[in-house]
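Subject: Handing over the two-chain model

Hello,

I am passing this structure on to you, and I would be glad if you opened it and kept it beside you while you read. My notes follow directly after it.

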Amino acid sequence: MTEEIKKGKEHPLSIVINDAVKIFTDLGFEVAVGPELEDIWHNFFALNFPKDHPALDMQDTFYIKGQEGKVLRTHTSNVQIRYMEKFSKEGKEPPFAIIVPGKVFRNEATDAGHEMQFYQLEGLMVGDDISVANMKWVLLEFFKKILGKNVEIRVRPSFFPFVEPGFEVDIKHNGKWMELVGAGMVHPNVLENCGIDSRKYQGFAFGLGLDRIAMIKLSIPDIRLFYQGDLRLNQF
Amino acid sequence: MKISYNWLKWYIPDAPDADKLADVFTYHLCEVESIEKKGDDTIFDIKILPDRAHDLLSHQGIARELASLLNIKYVDPTPKYKIPHSASSGQAGLKIDIQSDKCRRYMGRIVRNVKVGLSPEWVIKHLESIGQRSINNMVDAANLVMFDCGQPVHAFDLDKMGETLIIRQAKDGEKLITLDNRDWKLKISDLVIADSSSVLAVAGIKGGKKPEVDDNTQNIILEVANFDPISIRKTAQVFNIVTDAKKRFENDLSSELGSYAMLELSALIYEMCPDAIFEDIVDVYPERQEIRKLSFSVKKISKILGLEVSVAEIEDILKRYNFEFSAKGGPASGWEITIPPMRLDLAIEEDMAEEIGRILGYDKVKEKIPHMSDMWKPKQNEIYSKILFARNKLLNDGYSEVMNTSFSNKGEVSVLASASDKNFLRVNLTDGLKENLKLNQLNAPLLGLSEIKIFEIGTVWCPDEEMHVAFGDKKGIKEMTLDQFVSEKSSSEEYGYFSAEKFLVLEPSPSQASSKEIFHTQKFKMWSLFPFIARDIAVWVPDIVESNQVHKIIKENAGDMAVRGPELFDEFKKDERISYAFRLVFQSFERTLTDVEINEVMTQISNKIKDNNSWQVR
């Protein structure tokens, strides 16, 4: 009769998150989740941030009033720590591979490309000989599936406290290189902090912004559109 | 950091063209933010990574790195320096007293009979190439040394102060008038340089007005020092000051750099003021930087990178980078290297994997499928599965999904120092949904919906963190925890999956199931920011006429501004006639439409309909 849709319309971020999760679970990754309000051990120190690291400054991180050492997580890497802590406490030994889709928070001014909250997807794979070559394969596979099979990958040196070596991973899509992933080989201190023997095991970790992927994939011009509750966004 | 190509060429005359150099930076060292042609020079703005900021925030640092990376010649400038003869022969008038462990080394030197004036042209050119203004030869010499070798240095006017320098923590409330005439009130956490009567400078951050070098200055003290990076960063933060010196100190410079910097600074001043009289260098260096060693093996490097690296490749790199190395049990069992003092970033085997990897280039590492042992059996995540269940359930019931900010202007948990006025974390999803309903209700015709039904799944803090589900329409909103939702809305069989933590066969979400193929080609269409106008038109037609015939005529005559419709929203039959009611929505991307122009469109449609004798607009 009318064109009225029987089913509701999903938020575009949910569509992209579901897609991403499906791709990774098909590759053998397990989904893990964790708290958004986190302590500074899991958000920073277990991840090998030095005590005086600039990221700990109030201007970048939301600290919680009246709760010493609590922050809104600045990345989903806190779940790396929580997962590995539990894993080794249960007496288990690697390998394992997880992905963590979740909301993260940064204390920064908002514009078309920045929001105080956004979604990140963290990945972590640890085993006997999980290498940079494996990381490149996994990420390329993911981007082929989410953006199209013609994408290319390149890896450049970068630095994050919780990895060594650290990388910036660029993806070429529609003829343009874009910086989409921060990644690296899990720093041995991080493995040790979680009770995993860094002499026996190694692996990679990466983090990517899901809002950014959704914006690229669906040509959405402004990140702020995601959080306004306007159903004109739900076009898909 | 700005780097002049011509300046680099002093040290690496065989450097490749500027364009090619940009790629070398990008793939082997760090990001290039911009490249600018400036006369016959090219200026790179490069983003030195934090772990190399202690040795690469300088032209010499970059030149040395590039020389090793590209295996080209590095020209050591020291043999060209004019070395001043010391006039004091062990009788230096300068006394240095370090009273704080936040000062790791302090080198001072009295230079008499200097002449403050213009700098030589090459100095001015060098400084201007990287956007620095020439001030006078003394200030320029200090700046040049910093941008050349990375060590910040300072000069005091000796005649405006005592001959004893004390490096100590400030006293609470102690004051300093800075070079730029600001009054600073200091705290005990601030490291200062003082003489016996007052503070002369805040260490590594800001000079004081009192011992300022001016046009009449004749005798100076040169300072080349090394300070604790954390102390520098904290003080600079309090005074909200970012200087080139602060940036270098806070990144943990090597104390060993001081000797070279003093040499270069002295040679420069000697070149500028040939009649200057140099006294002995006073060097107080309480704790020498330790010599560190690092062991690593080709096997481990290859295993981390997933690339077979050869012994020859690694030894070649070690030689190019001038690492002292030995292989006691033969290269196959690994090397021990002595870490150069400037390379504070190297400490563990993984650091060498980075070093070897980036020098070879990560493009050499080919993608390889990971093989996980059978020991790994991924499990379904319970919370994530419940979220998927709730979302699919609500979508199927006709609710559309929204996401709102986690921040609110009221709540039980608040954040410190937010950039926004919303300092609290939300206690519910309902308040957000109410606002969304208002907004979307206004747009209902544009959305083609007769009724707005929405939901959100997300965290709230009351005060503990909980995952909530809320859904509703204008009649009301229901909100509950995710667990409650799942237990209320799932069949006993479905619920069993969650409670037993069994593998749940997840339903794909509706959008995935229905439009997987289309999804890859769909593009978002931004909506117009101008108001829309909705109009309805109902037409009586003989009952043999189908709605699409009417639809066609309306559509053909609706004009460019019809962004939605015609949508059939009502039909009923009476006697031998049918009434079809259609809705049209008009909107422009450029302006606000007027009723008058839309009336014209509707009249045009009505006239076309009346062309059929048996049709009648109601």
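This is a predicted model: local features need pLDDT of at least 70, side-chain atom pairs count only at pLDDT 80 or more; totals for chains, interfaces and linings use all residues.

Residues are numbered from 1 along each chain as its sequence is written, and chains are lettered from A and ligands numbered from 1 in the order in which they are written.

The contact between the chains draws on 77 residues of chain A and 90 residues of chain B, where two residues count as in contact if their C-beta atoms, placed from the backbone, lie within 7 Å. On the side of chain A that touches chain B, the largest share, seven residues, comes from α4(A); helices here are DSSP runs of H or I with at least four residues, strands are runs of E with at least two, and both are numbered from the N terminus. By class, that side of chain A has 39 nonpolar, 20 polar and 18 charged residues, with Ala, Val, Leu, Ile, Met, Phe, Trp, Tyr, Cys and Pro taken as nonpolar, Asp, Glu, Lys and Arg as charged, and the others, Gly among them, as polar.

Chain B is divided into domain 1 (2-76), domain 2 (95-284), domain 3 (293-364), domain 4 (382-519) and domain 5 (533-617), with bounds that come from an automatic or database domain assignment. The centres of domain 3 and domain 5 of chain B, taken over C-alpha atoms, are separated by 76 Å.

One open sheet of chain B has five strands in the order β4-β7-β10-β11-β12, with mixed pairing; two strands pair if DSSP finds at least two bridges between them. Its edge strands, β4 (95-98) and β12 (206-207) of chain B, each pair on one side only. Strand β11 (residues 199-202) of chain B pairs with β12(B) in the antiparallel sense over two bridges, and Ala201(B) has Gly207(B) in β12(B) as its bridge partner.

Another open sheet has four strands in the order β18-β22-β23-β24 (chain B), also with mixed pairing. Within it, β22 (residues 454-461) and β23 (residues 465-473) of chain B pair in the antiparallel sense over eight bridges, and Glu456(B) stands opposite Ala470(B) in β23(B).

Turning to helix packing, α9 (residues 298-305) and α11 (residues 349-360) of chain B pack at an angle of about 70°, with their axes 9 Å apart; axes are lines fitted to C-alpha atoms, for helices over the stretch in contact, and angles run from 0 to 180 degrees between N-to-C directions. That makes α9(B) roughly perpendicular to α11(B), a term for angles of 65 to 115 degrees. The residues of this contact between α9(B) and α11(B) divide into six nonpolar, one polar and three charged.

Lastly, some backbone details. Most residues other than glycine have a negative phi, and most peptide bonds are trans.

Best wishes

Definitions and conventions: Angles under 35 degrees count as roughly parallel, over 145 as roughly antiparallel, 65 to 115 as roughly perpendicular and the rest as oblique.
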